[in-house]
There are 6 protein chains.
Amino acid sequence: MKGVQFLVAFVVLALASSFASASDPSPLQDFCVAIDDYKSGVFVNGKFCKDPKHATADDFFFSGLNIPKDTSNPLGSNVTQVNVAQIAGLNTLGVSLARIDYAPYGQNPPHTHPRASEILFVQEGTLYVGFVTSNPENNSSPNQNPGVITIAKAVFGSDPPINPDFLARAFQLDQKVVKSLQAKFWWDNN
Amino acid sequence: MKGVQFLVAFVVLALASSFASASDPSPLQDFCVAIDDYKSGVFVNGKFCKDPKHATADDFFFSGLNIPKDTSNPLGSNVTQVNVAQIAGLNTLGVSLARIDYAPYGQNPPHTHPRASEILFVQEGTLYVGFVTSNPENNSSPNQNPGVITIAKAVFGSDPPINPDFLARAFQLDQKVVKSLQAKFWWDNN
Amino acid sequence: MKGVQFLVAFVVLALASSFASASDPSPLQDFCVAIDDYKSGVFVNGKFCKDPKHATADDFFFSGLNIPKDTSNPLGSNVTQVNVAQIAGLNTLGVSLARIDYAPYGQNPPHTHPRASEILFVQEGTLYVGFVTSNPENNSSPNQNPGVITIAKAVFGSDPPINPDFLARAFQLDQKVVKSLQAKFWWDNN
Amino acid sequence: MKGVQFLVAFVVLALASSFASASDPSPLQDFCVAIDDYKSGVFVNGKFCKDPKHATADDFFFSGLNIPKDTSNPLGSNVTQVNVAQIAGLNTLGVSLARIDYAPYGQNPPHTHPRASEILFVQEGTLYVGFVTSNPENNSSPNQNPGVITIAKAVFGSDPPINPDFLARAFQLDQKVVKSLQAKFWWDNN
Amino acid sequence: MKGVQFLVAFVVLALASSFASASDPSPLQDFCVAIDDYKSGVFVNGKFCKDPKHATADDFFFSGLNIPKDTSNPLGSNVTQVNVAQIAGLNTLGVSLARIDYAPYGQNPPHTHPRASEILFVQEGTLYVGFVTSNPENNSSPNQNPGVITIAKAVFGSDPPINPDFLARAFQLDQKVVKSLQAKFWWDNN
Amino acid sequence: MKGVQFLVAFVVLALASSFASASDPSPLQDFCVAIDDYKSGVFVNGKFCKDPKHATADDFFFSGLNIPKDTSNPLGSNVTQVNVAQIAGLNTLGVSLARIDYAPYGQNPPHTHPRASEILFVQEGTLYVGFVTSNPENNSSPNQNPGVITIAKAVFGSDPPINPDFLARAFQLDQKVVKSLQAKFWWDNN
């Protein structure tokens with residue numbers, strides 16, 4: 001989802017999945033290979049560009065997405081990002097990519113991407129994916145309001161409910177606490 | 001923040017505050033007064049427009065922002081929205097407004113606006129406002145990645161920490177539980 | 001109205017009103033606190049940003065909208081602006097705000113906002129507001145032409161006519177001259 | 001100027017000039033040939049499209065820009081527009097064109113294009129062209145405020161002044177009145 | 001590359017590669033699940049949306065990217081597309097995906113994506129990828145001109161030259177003809 | 001066409017034609033007169049701007065479009081460009097212009113504009129113009145996929161076929177070779 005609803009995903013026995021995200025640039029030239037901010041403390045909205053005559057093939061290439069990463073951590077997942085930090089040529093092009101390794105029952109915890117749409121491609125295993133929309137009062141009538149997602153209600157008050165095992169792990173809460181939260185009524189800021 | 005970081009706000013003794021939000025339309029005519037989706041189950045990306053020759057002054061006016069709303073609810077706040085549902089002429093113009101009434105220590109719980117920037121204007125009282133940025137690894141180097149906000153870490157692991165009283169109320173948790181959560185280490189999906 | 005029709009507003013006994021405007025940025029990071037153009041005579045399309053690690057709460061705050069301004073001037077109004085010059089953190093976020101104080105019968109003279117939509121919130125008193133659309137031949141059929149507003153016709157030839165007292169004050173003309181202008185036929189550049 | 005400053009143009013002995021304007025669409029397909037709003041009183045933000053399989057060469061062609069138009073009218077000019085009304089295939093493409101015939105000393109009166117940039121190409125004769133920027137307090141520091149153009153000040157208080165003969169014709173005022181207006185001090189809504 | 005340079009890719013022994021593309025939507029709601037154009041011959045710029053209350057999980061899911069496709073065709077490649085036609089929920093989100101199977105020495109012939117950036121992820125094998133920029137006179141100085149790619153010069157006159165075997169297959173020409181073309185001087189329309 | 005289909009144009013006896021193109025800027029101020037990239041090897045996405053107080057009339061003017069250019073070259077055409085390189089004030093405004101002189105039967109070879117729409121105005125003579133859409137499988141159903149134009153199929157496999165004389169000149173091929181190519185079946189990357 002673009003600019004967006006948090007995506008609640010958990011996975012059973014997924015070893016690797018890659019996804020790509022798209023933000024929204026307005027490139028004014030063919031490419032603008034990013035260079036380090038050339039003066040300490042001075043930034044523009046985006047990145048400075050290399051002289052296009054000095055662009056090389058390496059500016060558009062990244063190797064290593066084939067390498068599994070260690071998932072023995074509390075979340076049971078590990079993200080390998082490929083964005084402008086890894087491929088300088090991605091600057092202004094509005095696309096990036098990541099590989100996520102999951103341990104069995106590992107998870108990518110509830111999150112939002114403030115400037116991106118996301119598409120997931122499951123390489124191996126089964127990935128359980130969901131997302132929670134904006135507060136329904138805002139969403140049921142598709143109109144030009146800003147949208148609002150009340151975090152607590154979206155996480156613990158979504159209908160149907162998010163798997164409590166998943167939430168317990170994501171929020172480091174006892175499963176009982178999660179279930180009691182899910183049984184409560186949640187107000188939102190509509 | 002546009003399409004972005006959730007805004008953690010609480011307020012002491014604020015009776016009324018209004019804020020305006022801006023989404024991102026591309027109006028192709030002077031105005032496009034919204035009309036009801038004219039066929040059940042059929043929507044466009046936005047709203048159908050009224051014939052501009054039939055637009056009236058009422059399409060651009062809303063009265064009632066002066067009326068305080070009851071704040072005797074668990075959150076201690078109440079939002080009066082003024083968007084395209086209240087002012088049909090706002091369609092495609094990318095601006096909306098809301099009044100929020102707060103009881104003493106009332107709160108507008110942690111939330112995100114997926115398609116909007118927000119500016120707050122405090123009419124009366126004192127409002128305590130904060131926001132949590134994208135995961136710092138993403139933010140410290142301002143670049144063209146999609147940004148990611150890991151909900152649990154942003155809420156319970158932000159540095160400096162969010163006021164535990166505020167979080168206890170927002171998440172309907174005991175204050176002790178909140179404090180123990182704030183003492184934990186939070187992984188994110190960078 | 002976005003990038004658009006001039007807004008003809010006059011006011012009877014309005015003491016204070018605030019409005020917010022939205023331009024159209026494409027933020028590529030959470031925020032980009034504006035800094036002074038760091039080399040005399042060198043500007044970018046927008047503003048340079050502060051290192052996000054050095055952003056402070058003050059970059060997002062402005063105090064003083066509660067202070068009435070003197071309206072004893074020919075227009076009988078006074079604007080307190082709150083944009084990126086006052087709140088550096090507004091840079092790239094596309095929202096700004098202003099307070100306008102009006103003396104009785106004071107006015108905000110006919111104007112256009114080339115890069116903004118506008119929403120007005122009347123705090124106290126009664127504000128008489130109107131706007132003139134693009135030349136009707138352009139507007140009656142909502143299509144993808146650039147729109148055109150012929151200033152003289154919009155001001156003196158609008159139908160229904162703008163209050164001649166208001167125009168006399170705005171254009172420093174005798175009311176009789178205004179009325180004779182309003183009685184003429186106005187050609188436009190359609 | 002896009003979304004913009006009014007353009008004050010007058011011309012000495014120009015017989016024909018064409019200009020092209022660009023608005024800001026987001027085409028999602030190769031083309032979207034406009035069709036008439038297919039239900040009375042129902043409009044979308046733009047135009048409905050013809051089935052692309054039924055597009056013909058005529059949807060992308062207009063003949064007649066070679067024909068001079070009569071300029072014996074008070075303004076001494078005549079505009080031949082070529083936009084989506086004349087070339088249905090221009091829909092969503094963001095470009096339109098017009099031919100303007102001027103009589104000697106004819107004028108295209110002060111106007112703004114709320115959704116377009118403009119470039120002029122003088123075919124024959126000499127065209128005197130100028131534009132007035134946003135209120136200087138807004139413009140001298142290029143920042144993200146909405147911009148404001150106070151009509152009366154821009155027209156009669158611009159520095160350097162607009163040719164009073166030109167303004168007298170555009171506003172149907174006696175040249176003396178124009179000159180007295182140009183001698184006054186003009187407040188604006190900064 | 002967004003809206004842009006054709007991408008010359010060929011592959012040695014690549015069995016499967018997936019890539020994702022990003023176009024540039026402006027979603028005004030959380031999602032807008034596409035429905036069939038509900039009246040023959042009537043289209044909007046994009047797609048009509050399903051009532052969001054009727055959206056289902058299937059609107060956001062596609063299965064089958066694991067299935068290799070037959071590559072015994074003249075190009076030695078086969079594309080499995082996953083866009084709004086396969087996943088209705090992708091409508092307005094600006095991301096799509098495709099799997100390409102290549103036979104050894106198969107190729108995805110020179111092409112452009114008029115409305116997209118592209119990122120490639122090689123799953124298995126080695127893929128030889130290149131792209132040709134806009135005419136250098138346009139590109140060496142990154143500015144706001146429209147860019148131009150002269151097809152014949154880009155294909156046969158690029159420096160360094162594209163592999164003649166690849167071009168011979170793509171253009172169904174004898175390799176000798178390709179080499180003689182590559183030896184010629186190519187004018188462009190700068 | 002914006003960011004899009006190559007335009008196949010040839011001309012019989014056209015002496016002069018001008019066209020204008022529109023890219024997609026987001027100007028944040030009235031204008032941003034371009035200045036030379038002020039540090040070798042450092043570029044932004046676009047151009048640095050002159051201090052607006054130092055802008056002059058010359059920044060917005062170009063003379064010389066009346067001068068025919070020599071067309072005695074293999075293509076029989078010559079382009080006079082007017083973009084930000086010639087008129088610094090065009091920076092961020094999204095419009096540029098060009099004059100093309102054609103010798104009899106001269107041609108502007110097949111090309112694409114990756115960041116622009118184009119409108120042509122024929123000044124003198126007759127210009128034969130055509131364009132080839134995205135692969136029909138993509139285009140017949142107007143949807144949110146990225147679009148794809150397979151160069152070889154678009155050039156030699158378009159239906160109806162492009163004039164073989166035109167293609168022979170553009171690709172420096174014998175007319176017989178062109179006709180044999182046009183008789184082949186062309187696969188694309190749908």
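Trainee: Hi! Which residues do ring pairs link into a cluster with Phe156(A)?

Mentor: Hello! In this predicted model, ring pairs join Phe156(A) with Phe171(A), Trp186(A), Phe156(B), Phe171(B) and Trp186(B) in a cluster.

Trainee: Nice. How many aromatic pairs turn up over all chains?

Mentor: Searching the whole structure gives 30 aromatic pairs over all chains. One of them is formed by Phe156(C) and Phe171(D), with 6.3 Å centre to centre and 85 degrees between the planes.

Trainee: What kind of pair is that one, Phe156(C) with Phe171(D)?

Mentor: Edge-to-face. Phe156(C) sits in helix α2 of chain C and Phe171(D) in helix α3 of chain D, so this pair joins two chains.

Trainee: Are those two buried or exposed, Phe156(C) and Phe171(D)?

Mentor: Phe156(C) is buried, at 2% relative accessible area, and Phe171(D) is buried too, at 0%.

Trainee: And what about Phe185(C) and Trp187(C), how do their rings sit?

Mentor: Their ring centres are 5.9 Å apart and the planes lie at 85 degrees, so they make an edge-to-face pair. Phe185(C) counts as exposed, with 60% relative accessibility, while Trp187(C) is partly exposed at 37%.

Trainee: Switching to helices: at roughly what angle do α3 and α4 of chain E cross?

Mentor: Roughly 115 degrees, and their axes come within 9 Å. That angle makes α3(E) roughly perpendicular to α4(E). The crossing is right-handed.

Trainee: Which residues make the contact?

Mentor: From α3(E), it's Pro164(E), Asp165(E), Leu167(E) and Ala168(E); from α4(E), it's Gln175(E), Val178(E), Lys179(E) and Gln182(E). By class, this contact has four nonpolar, two polar and two charged residues.

Trainee: Okay, backbone now. What is the peptide bond from Asp159(A) to Pro160(A), cis or trans?

Mentor: That one is cis, with omega near 5 degrees. Pro160(A) is in the loop between α2 and α3 of chain A. In chain E, the bond from Asp159(E) to Pro160(E) is also cis, with omega near 5 degrees, and Pro160(E) lies in the loop between α2 and α3 of that chain.

Trainee: Why point those out?

Mentor: Because most peptide bonds are trans.

Trainee: Last one: what is the phi of Gln172(D)?

Mentor: Gln172(D) has a positive phi of about 50 degrees, although it isn't a glycine. Most residues other than glycine have a negative phi. Gln172(D) is in the loop between α3 and α4 of chain D and is partly exposed, at 30% relative accessible area. Over in chain F, Gln172(F) also has a positive phi of about 50 degrees, and Gln172(F) is partly exposed at 31%.

Terms used:
Residues numbered from 1 in each chain as written. Chains lettered and ligands numbered in written order. Predicted model: local features only at pLDDT ≥ 70, side-chain atom pairs only at ≥ 80, totals over all residues. Heavy atoms only, no water. Axes fitted to C-alpha atoms, helices over the stretch in contact; angles between N-to-C directions. Helix = DSSP H or I, 4+ residues; strand = E, 2+ residues; numbered from the N terminus. Parallel < 35°, antiparallel > 145°, perpendicular 65-115°, else oblique. Left-handed = near helix turned anticlockwise from the far one by under 90°. Contact = heavy atoms within 4.5 Å. Nonpolar A, V, L, I, M, F, W, Y, C, P; charged D, E, K, R; others polar. Phe/Tyr/Trp six-rings, centres within 6.5 Å; stacked < 30°, edge-to-face > 60°. Buried < 20%, exposed > 50% of the residue type's maximum accessible area, 1.4 Å probe, protein only.
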